[in-house]
Amino acid sequence: MDENIVTAIGTPNMALIKYWGKREEKLILPMNSSISMTFDETFNTKTSVLFTDRVPEDSFYINGVRQDLSDKDIMERFAIIDIMRRMAGTTSKAVVVSENSFPTAAGLASSASGIAAMVFAANSALKLGLGTKELSIIARQGSGSSCRSLSGGFVKWEMGSKDDGSDSCIRQIAGPGHWSDIIDIVAIVSKSKKKISSRAGMKQTVANSILYKARPAYAERACAEMEEAILKKDFERLGMLMMKDSNNLHAVMLDTYPPILYLNDVSKQIISSVSELNEVENKIVAAYTFDAGPNANIFTLEKYRSKVEELLSNIEGIESTRISKVGNGPRIIDEDASLIDPSTFKIKSG
Ligand code: 2P0
């Protein structure tokens, strides 16, 4: 087969209405729809992909470390490559090399940007010519939230209703240029790897949280309201909906047995301080949301930025902050930027 190395950049996405729970484990079909904003390249994952008959086996590197493809977690994510190889009718071996610009597995959706970049690059390397919707269906099967990173702007992952998952795919609500003054201040509270994976955690929540039973129906309604808030660029409504959803998510996590606790004292201080600021201002000027980790995402508008930055600078325990605007989604980059050595088919050294 035509052996070309293709490199793509993918970015994470931050869910405003979250995905937490599957109705089907293998195809990764969610219990509810979710909505996110795709990040700009402040945080990004670069992934190079090559399909070749000249190596004996698949290889997969993340941040310079060769991954064990017999490990269940890695295998489940790498299965996407098999899906795409089948679609292309090839048995060539894959070389995949991925580099994150930010901490992996610390609640910063590194798997989402990595998988989005991998799927996007593989589509091109295998000349599949698939569109965003089809690519989102493939990415979803590697890691649910990653499907939302296949498009820029504000994105909805429709839960769908079909058993084969063919309608559980993404739809762009609004493009990257729609809301240029909204920003996400990411406050890094901890870079350590989370103790319980999202995959294991959400399974336990679905299995035994009493409060979770109310979540899927509520989240569908919240998605409809969130879509409206985004289209109208109604920041106060967006902020209220996203904070309520984050609160609900972390409530059902705590209601899981054994309990799942991702927020730490600094996270809780951020929740209190943002709430106080909104009280004082008598309107929502900042809105927090937390994923499966203690790091905070504080959404605000450019006009309130200095106020929010000052608030955060007074909270002890925030290690650093980085700002993301609405991003464009994945893109293919120059061959020179490849992470694979074209003569050895291995990871480039240095
Ligand atoms: C989200 N998270 O909507 C939510 C909010 C974390 C909290 O999607 O099992 O890594 O691979 O489908 O996508 C994290 O879960 O889980 C997640 P799998 P995933 O972004």
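Within how many Å do the axes of helix H5 (residues 215-231) and helix H6 (residues 235-254) come, and at roughly what angle do they cross?

Modeller: The model is predicted, and the description that follows should be read with that in mind. The axes of H5, residues 215-231, and H6, residues 235-254, come within 9 Å, and their crossing angle is roughly 160°. Angles over 145 degrees count as roughly antiparallel, and H5 and H6 are therefore roughly antiparallel to each other. The crossing of H5 past H6 is left-handed.

The residues that form this contact can now be named. H5 contributes Arg-215, Tyr-218, Glu-225, Met-226, Glu-228, Ala-229 and Ile-230. H6 contributes Arg-237, Leu-238, Leu-241, Met-242, Lys-244, Asp-245, Asn-248, Leu-249 and Val-252. Sorted by kind, the residues of the contact of H5 with H6 comprise 9 nonpolar, 1 polar and 6 charged.

Helix H7 itself takes part in another helix pair. The axes of H7 (residues 265-281) and H8 (residues 305-313) come within 10 Å, with a crossing at roughly 140°. That angle makes H7 oblique to H8. The crossing in which H7 passes H8 is right-handed. On the H7 side, Ser-273, Val-274, Leu-277 and Glu-281 take part in the contact, and on the H8 side they meet Lys-307, Val-308 and Leu-311. The residues of the contact of H7 with H8 fall into 4 nonpolar, 1 polar and 2 charged.

Ile-271 also belongs to helix H7. Leaving aside residues up to four places away in sequence, Ile-271 touches Leu-263, Tyr-288 and Phe-290. Ile-9 lies 262 residues from Ile-271 along the chain, and 32 Å separates the C-alpha atoms of the two.

Helix H1 (residues 72-88) and helix H3 (residues 132-140) have axes that come within 9 Å and cross at roughly 135°, which makes H1 oblique to H3. Here Ile-80, Ile-83, Met-84 and Met-87 of H1 meet Leu-135, Ile-138 and Ala-139 of H3. The residues of this contact of H1 with H3 are 7 nonpolar, with no polar and no charged ones.

For Gly-144, a backbone N or O atom lies 2.7 Å from an oxygen atom of the ligand. Arg-199 places a polar side-chain atom 2.8 Å from an oxygen atom of the ligand, and a polar side-chain atom of Arg-77 lies 3.4 Å from an oxygen atom of the ligand.

One backbone detail remains. Ile-28 is situated in the loop between strand E3 (22-24) and strand E4 (29-30). Phi of Ile-28 is near 55°, which is a positive value in a residue other than glycine.

Technical notes
Residues numbered from 1 in each chain as written. Predicted model: local features only at pLDDT ≥ 70, side-chain atom pairs only at ≥ 80, totals over all residues. Heavy atoms only, no water. Axes fitted to C-alpha atoms, helices over the stretch in contact; angles between N-to-C directions. Helix = DSSP H or I, 4+ residues; strand = E, 2+ residues; numbered from the N terminus. Parallel < 35°, antiparallel > 145°, perpendicular 65-115°, else oblique. Left-handed = near helix turned anticlockwise from the far one by under 90°. Contact = heavy atoms within 4.5 Å. Nonpolar A, V, L, I, M, F, W, Y, C, P; charged D, E, K, R; others polar. Polar contact = N/O pair within 3.5 Å; in protein donor to acceptor, adjacent residues only side chain to side chain.
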